[in-house]
Amino acid sequence: MNTCKVIAIENQKGGTGKSTTALNLGVGLSQAGKSVLLIDSDPQASLTLSLGVVKPDDLKVNLSTVMMRIINDHPFDDDYGLISCVEGVDLMPSSIELSGIETQMMSVMSREFVLKTYVDQMRPHYDYILIDCTPSLNMLPVNAFVAADSIIVPSQPRILSTKGLDLLMNSYRKVQRAINPDLRIDGILFTMADFRTNNDNYIISTMREGLGQRINIFDTVIPASVKVSEANLNCQSIFAFDDRCKVAEAYRNLTKEVLDIGERTQVKVRSQRILKREWTQILMILRNTITLETTEKLKRNTPTNVLI
């Protein structure tokens with residue numbers, strides 16, 4: 001049974017730490033013994049750059065190439081275009097070419113399912129697939145939502161960043177209602193938090209009180225630190241750059257929370273499958289019983305001279 005979980009990491013507001021979260025959560029899951037694929041679906045290619053691909057626009061194969069092959073119905077091997085990174089994760093890179101893919105998809109039937117076709121092909125090979133989304137609400141994030149099992153929403157504890165959540169939630173509900181009814185929000189993750197300021201502390205506490213009953217807000221808060229920028233500059237995860245810093249500890253805690261959510265989801269799915277199997281067996285027994293009783297009644301009510 002394939003238990004791969006696909007998580008889209010999205011906020012339509014830029015600069016909230018989506019790529020940093022995708023990178024460090026992915027490496028954290030890898031260090032926990034999970035096989036991880038990172039998909040960079042942002043034309044800015046921040047995740048690709050952070051993993052040491054210095055010139056992503058020079059790559060012969062990237063996510064845009066893969067999606068075009070799917071659109072044109074051209075098959076490809078599972079490892080087509082994948083980059084195996086030194087920190088234990090695989091990467092499907094991005095480039096500026098991805099910015100033109102929406103134009104190509106406008107006339108494509110079922111264009112919302114292009115990325116899902118690729119993700120479903122890769123599911124058997126991984127425990128987790130993380131999709132780093134572009135900071136917008138166009139066709140690329142919609143493709144990610146259709147392909148994903150859940151969404152993680154990084155958000156700075158700032159007024160402008162939190163206001164962008166309304167637009168994201170609107171898109172989430174539309175996709176869930178019309179295309180992917182099983183899509184869930186794993187939680188809102190506060191990033192770049194400066195606990196020395198009253199503003200950040202106030203927004204975090206207010207959102208926990210106001211939204212905590214309806215949407216999960218991760219216990220983990222990623223603190224603001226110059227070490228994140230330094231790690232990105234060195235094309236490393238925070239674990240490789242400084243394993244003992246507060247940011248590394250925060251992403252370790254986030255990894256544990258994500259693993260706990262995944263385990264609870266698997267238990268729920270297994271319970272639903274067992275219940276479905278039991279109900280199927282009960283229905284079969286009832287169907288056979290009813291058929292037997294009906295046959296016996298027909299035999300009793302049929303004149304003997306009609307019986308063969």
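Helices (H or I, at least four residues) and strands (E, at least two) are DSSP runs, numbered from the N terminus. The model is predicted: local features need pLDDT of at least 70, side-chain atom pairs count only at pLDDT 80 or more, and totals for chains, interfaces and linings use all residues. Residues are numbered from 1 along each chain as its sequence is written, and side-chain values use heavy atoms, with hydrogens and water left out.

Asp73 falls in the loop between helix H3 (63-71) and strand S3 (83-84). Its phi is positive, about 60°, although Asp73 is not a glycine. Asp73 is exposed, at a relative accessible area of 66%. Exposed means over 50%, buried under 20%, and partly exposed in between (1.4 Å probe, protein chains only). Cys235 also has a positive phi, near 55°. The loop between helix H10 (226-233) and helix H11 (238-241) holds Cys235. Cys235 is partly exposed, with a relative accessible area of 31%.

Ser41 belongs to strand S2 (residues 36-41). It is buried, with a relative accessible area of 1%. Beyond four places in sequence, the contacts of Ser41 (heavy atoms within 4.5 Å) include Leu63, Leu98 and Cys133. A polar atom of the Ser41 side chain lies 2.8 Å from the backbone oxygen of Asp132.

A nonpolar core is a set of buried Ala, Val, Leu, Ile, Met, Phe, Trp, Tyr and Cys residues joined through side-chain atoms within 4.5 Å. The largest has 50 residues; Ile39, Met67 and Tyr118 are among those with the most contacts inside it. Helix H6 (residues 139-147) supplies the largest share of this core, seven residues. Another core, of 33 residues, lies apart from it and includes Val36 and Tyr251.

Notes. Polar contact = N/O pair within 3.5 Å; in protein donor to acceptor, adjacent residues only side chain to side chain.
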